[in-house]
Amino acid sequence: MATEVFDADKEQETKKNQSRRIQSLQKTEKDDPEWKFFDTARIHVQAGDGGTGCVAFRREKGEARGGPNGGRGGRGGSLYLIADPGLNTLMPLRQKVHVKARQGRNGQGKNRDGTSADNIYIRVPPGTVVRDLKTQKVAGELREAGQKLLVAKGGRGGRGNAAFMTARRTAPKLAERGEPGSARWLSVELRLLADVGFLGMPNAGKSTLLAAASAARPKIANYPFTTIVPNLGVCDLGQGAGLVLCDIPGLIEGASEGAGMGGAFLRHVQRCRVLLHVVDGTSEDPIRDFNIINKELQQYDEFLAQKPQVVVLNKIDVPEVQERQEELMEALRTATGHSRVLAISAATTERVQELMGRLRKFVNVQPVPDLPVLPEIDLSKAGLDYDSDDFEIQSDPSYPGQWRVLGEYIEQMAKMTHWEYPEAVERFGRQLEALGISAELARRGAQDGDLIMIDQYDFDFSPGMTNVYIPPDLLEQEEKFAKSKTMKKEEEENDQTSWRPFQEGGFLDVDVEEFVGFGEEDDWDLLEDDDFDEDGAFVYSDDEVWTS
Ligand SMILES: Nc1nc2c(ncn2[C@@H]2O[C@H](COP(=O)(O)OP(=O)(O)OP(=O)(O)O)[C@@H](O)[C@H]2O)c(=O)[nH]1
Ligand SMILES: [Mg+2]
């Protein structure tokens, strides 16, 4: 079947593509010794950034600047893997390594929020296990058709200035940038889906049995470890009934300690419902072989060792084996503790069909195995979702006066800050205080004017004050603007725009009173060039409708 697909592809491919593909396959094989045995792929997923929040103001008759109405940026696209039974290899993933979702659109004036970007779904065959490449931790497994796994979360859109409106601060000139989308390398692996996994000593006749029972043509030779790639074969039992067989190579003495190749393969047969243990009747001591393999299995993987086994004594066409067949069968039944023992000859196919029929029935009554629970990590979180606002402060004695602050939350906040808006900078300063970073820096001996580095941003340390990086002319403007607004003194004193860490509900939940006075109906407008005449004077247009 695999060859058919390959031939069809081949016709369509240009020679150039073909050689490129072969080259890349060769490269992958070399880079990753596991590749040639399993279907694996590495992909880089990059979710879209959130759109930027907008700073805009309403137009008001007789006054150039009305209330803030900058909308929120849209959410960036997320990336999912989705199980599609129509696929049976990870080949497509190896051809497109980088997958990227789009950014959310920016917010606009008139409280128009930017549209969110579409999510992207990457199709993978059922049985695909997803790991974070860096940590090799399992993020999840896609088993059933349509099952989805979020692997990179799109960034949240930044809030527009309308969201920062308070009773006192009626004209906030700040907005957030969108949250950057998550990005990571994934290692994706397809677990083989077989009903029956073969195991046994090298040379026991596993490959011969696979060939006898199915159309698979594995390598067969009279020396140990002929099979180094797991071979799958389907035994056709007629009327649509089939049995998927897997010839597992390399389960040998020492495999659980890493000798041979046993260790690397076995996790791929964890889904087999039944193990078929092939015992070589021509071996000096078949019972000893049988016990060695089971001991190996036990040490390697208890989960596999608990699977029900069917045991066959192979090579009964050989006269010496025939001679002691009864004795060996009896000993095997004793060793196994059950009666699922059969004598066959893979070479002459004697009783192979009977074996397959029995296996089919036996497999049918086995429950679909629950795979062992692998330790899972959660890839569905964006930076701001992490429960921890922990931070770490690093300093190097050879660079006095320089401090690096590390922390998922504060770094993400730094990325979302619009540094060109002084108020946004000020807000970031308050976050440093709220998280206790300023206090901790002071405690560690940071002095006024020290260099503080967060992510790619540098600041001067100025505890209790807003950032000194604000250009003085901007500060002046700010001050004038603030003074021009009539402000109640007590309100001014209460000016503690409380910032709470996100997990306490601070990021998204905007105090209701911050929206006071602005309904859904937007009867204001942004100023545009044609709102002014040649002399720059404001022109009223007729179609302006006032409702309040
Ligand atoms: N006479 C006889 N020889 C057999 C029988 N089954 C397998 N053989 C021979 O035993 C040798 C090993 O067979 P394979 O099928 O390659 O054994 P294997 O278990 O796959 O061995 P590895 O892949 O090395 O682990 C070959 O020479 C086969 O021809 C059998 O039923 N009777
Ligand atoms: Mg073999």
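Visitor: In what order do the strands of the open sheet of three strands stand?
Guide: This is a predicted model, in which local features need pLDDT of at least 70 and side-chain atom pairs count only at pLDDT 80 or more, whereas totals for chains, interfaces and linings use all residues. Residues are numbered from 1 along each chain as its sequence is written, and chains are lettered from A and ligands numbered from 1 in the order in which they are written. A strand here is a DSSP run of E with at least two residues, numbered from the N terminus. The pairing in this open sheet is mixed, and the order of its strands is S4-S2-S7.

Visitor: Which strands stand at the edges of this sheet?
Guide: An edge strand has a single partner strand, so one side of it is left without a neighbour in the sheet. Two strands pair if DSSP finds at least two bridges between them. The strands at the edges are S4 (120-124) and S7 (148-152).

Visitor: What does the twist average from one strand to the next in this sheet?
Guide: Angles run from 0 to 180 degrees between N-to-C directions of axes, which are lines fitted to C-alpha atoms, for helices over the stretch in contact. From one strand to the next, the twist in this sheet averages 30°.

Visitor: Which residue in S7 is the bridge partner of Leu79?
Guide: Strand S2 (residues 79-83) and S7 run antiparallel, joined by four bridges. In S7, Leu79 has as its bridge partner Ala152.

Visitor: In which loop does Lys110 lie?
Guide: Lys110 is not a glycine, yet its phi is positive, at about 60°. Lys110 belongs to the loop between strand S3 (98-100) and S4.

Visitor: How many C-beta neighbours does Thr349 have inside 10 Å?
Guide: Thr349 is another residue that is not a glycine but has a positive phi, of about 65°. Its place is the loop between strand S14 (341-343) and helix H9 (352-364), a helix being a DSSP run of H or I with at least four residues. Thr349 counts as partly exposed because its C-beta neighbours inside 10 Å number 16.

Visitor: How many of the eight residues of helix H4 are buried?
Guide: Helix H4 covers residues 206-213 and is largely enclosed by the rest of the structure. Among its buried residues are Lys206, Ser207, Thr208 and Leu209. The number of buried residues in H4 is eight of eight.

Visitor: What is the angle at which helix H6 and helix H8 pack?
Guide: In H6 (residues 286-300), Pro286, Ile287, Phe290 and Asn291 meet Leu328, Ala331, Leu332 and Ala335 of H8. The axes of H6 and H8 (residues 319-336) are 10 Å apart. The two helices are roughly parallel, because that term covers angles under 35 degrees. The angle between them is about 25°.

Visitor: Which residues of the largest nonpolar core touch the most other members?
Guide: A nonpolar core is a set of buried Ala, Val, Leu, Ile, Met, Phe, Trp, Tyr and Cys residues joined through C-beta atoms within 7 Å. The largest one has 42 residues. Those that touch the most other members are Val196, Phe198, Leu245, Leu276 and Val312.

Visitor: With which residues is Val312 in contact, leaving aside its neighbours within four places in sequence?
Guide: Contact requires C-beta atoms, placed from the backbone, that lie within 7 Å. With those sequence neighbours left aside, the contacts of Val312 are Leu276, Val278, Val279, Leu342, Ile344 and Leu355.

Visitor: Which residue takes a positive phi in the hairpin of S15 and S16?
Guide: S15 and S16 belong to an open sheet of four strands in the order S15-S16-S17-S18. S15 pairs with S16 (residues 402-406) in the antiparallel sense over four bridges. The hairpin has six residues between these strands, and the one with a positive phi, near 80°, is Gly401.

Visitor: Which residue in S18 stands opposite Ile452?
Guide: Strand S17 (residues 451-454) pairs with S18 in the antiparallel sense over four bridges. Ile454 has Tyr457 as its bridge partner in S18. Opposite Ile452 stands Phe459.

Methods: A residue is buried if 20 or more other C-beta atoms lie within 10 Å of its own, exposed if 12 or fewer, and partly exposed in between; C-beta atoms are placed from the backbone. Two residues are in contact if their C-beta atoms, placed from the backbone, lie within 7 Å. Angles under 35 degrees count as roughly parallel, over 145 as roughly antiparallel, 65 to 115 as roughly perpendicular and the rest as oblique.
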